[in-house]
Amino acid sequence: MTQAQSQRVQQVDHRRSVWVAALLGAAIMAAVDQIVFHQILAWHHFYDRSTSDIALLSDGVLHAAELVMLVAGIFLMADLSRRQALHKASAWGGFFLGAGAFQIFDGVVNHKILRLHQIRYDVDNLLLYDLVWNLAGAALLMIGAMITWRAGRRLKKARHSHV
Amino acid sequence: MTGWWVPALLGGALIGGYGWALFLRPSTLPKWSLWRTLAWTAGVLAVVIALSPPLVEPAHHDHRYHMAQHLFLGMYAPLGLVLGAPLTLLLGALPRRGQLGLTRLLRSGPVHAVSHPISAAVLNIGGMFVLYLTPLYTISMERQEIHWLVLAHFLLAGYLYTWSIAGPDPAPRRPGMATRVTVLILAAGAHAFLAKFLYANSAQFADGHGHSHSHDEAASMEAAAQWMYYGGDIAEVALAVMLFSWWYRRRKSSQKPASALATASTR
């Protein structure tokens, strides 16, 4: 490893790279959900007449938070990269963690607990849709955890061999 | 043609006042950014569109046009006007006594109280709850002078709220990022909630207004509520970009870049 490379290894911020990318991952997943399932496929409904007012209120706040997360994530990521503190492998791990966490949150809290809307209407096997939805989220989470863990371990090794 | 008087006069006054302040600005001060002038012009254009007869006239019976007025006056126009930095421009153009007076006004207690993000958000979004959930909306559709007051409130409260969250103008004692981000999320969340709540209860509201075509009325209200929801998203994202780009620039000037530090230590 050259001197410049070892400088790089000392500068990168594993934990911050993970959480900033997780923020962005969750926000992008929320945007994909909005674009694909609400607008293109029109499976999800804007409002399905079975939602309580309290659920509508939490939906409003969550929706607003997702949009702010998207903007904040982009600027936080730009700042990390400007300071050369971005560790790409850790960030990919964080991205999948965030995406998976949002998918499961959406599948469990939004669809089932708040009952904002269901994945699809006029189908007999809604349970199957729910299962696939949440399993996809779990798979994303697992991929994210694995990448994050490996990125952290490799960074630790590189640091120990060059201090 | 009479309907054009108000937007023409107001637009002319806003553009003329800005131009006059630019003319008075001493040449010793740094050159005024063209972007600010363009932003102000775009904001004024949004005000003129919102008050123009093609939107004002149908807004008395069609909720979608009323909502378009709300979006332009209360959300998009303030973004442009705040980015135009009128206070900074005014501070530069005023004579010394005027500068002192304006600074004292900005630092006074009442201005602090209303320009705090929480009070500004309550005035702005809370005003909409009052308008749509009380008979005020029906009254404003029937009585011209109330309608103009509502429109003025949209613009002033929208400007106050936008200024309290972000923008180039001085805002004494503006709280830190955490407070502003929280208020932004809660205010936008309350706005999105109100939109879905109106959508959910559109049939009931339409009956309450006592018009004959309440089915058409409910449909127009549902459409208006969806415009409110998605139109609000656009304004929220724009305001978040204003806020975080300011944070990003300030962070650059407040810390030494890591790369400079690294090259210094390897030498």
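The bend at a residue is defined here as the angle between two fitted axes, one through the seven residues ending there and the other through the seven starting there. By that criterion H4(A) has a kink of about 30°, centred on Asp106(A). The model is predicted: local features need pLDDT of at least 70, side-chain atom pairs count only at pLDDT 80 or more, and totals for chains, interfaces and linings use all residues. Residues are numbered from 1 along each chain as its sequence is written, while chains are lettered from A and ligands numbered from 1 in the order in which they are written.

Helices are DSSP runs of H or I with at least four residues, strands are runs of E with at least two, and both are numbered from the N terminus. Helix H4 of chain A comprises 26 residues, 88–113, and its first and last C-alpha atoms are 35 Å apart, close to the 38 Å expected at 1.5 Å a residue; the expected span is 1.5 Å times one less than the number of residues. After H4(A) comes Arg115(A), with a positive phi near 50°.

Between the chains, 24 residues of chain A are in contact with 29 residues of chain B, contact meaning that C-beta atoms, placed from the backbone, lie within 7 Å. On the side of chain A that touches chain B, helices H1 (3–11) and H3 (53–82) each supply at least two residues, and H3(A) gives the most, with 16 residues.

In chain B, residues 6–25 are 95% helix and 0% strand, with end C-alpha atoms 28 Å apart.

How values were computed:
Contact = placed C-beta atoms within 7 Å.
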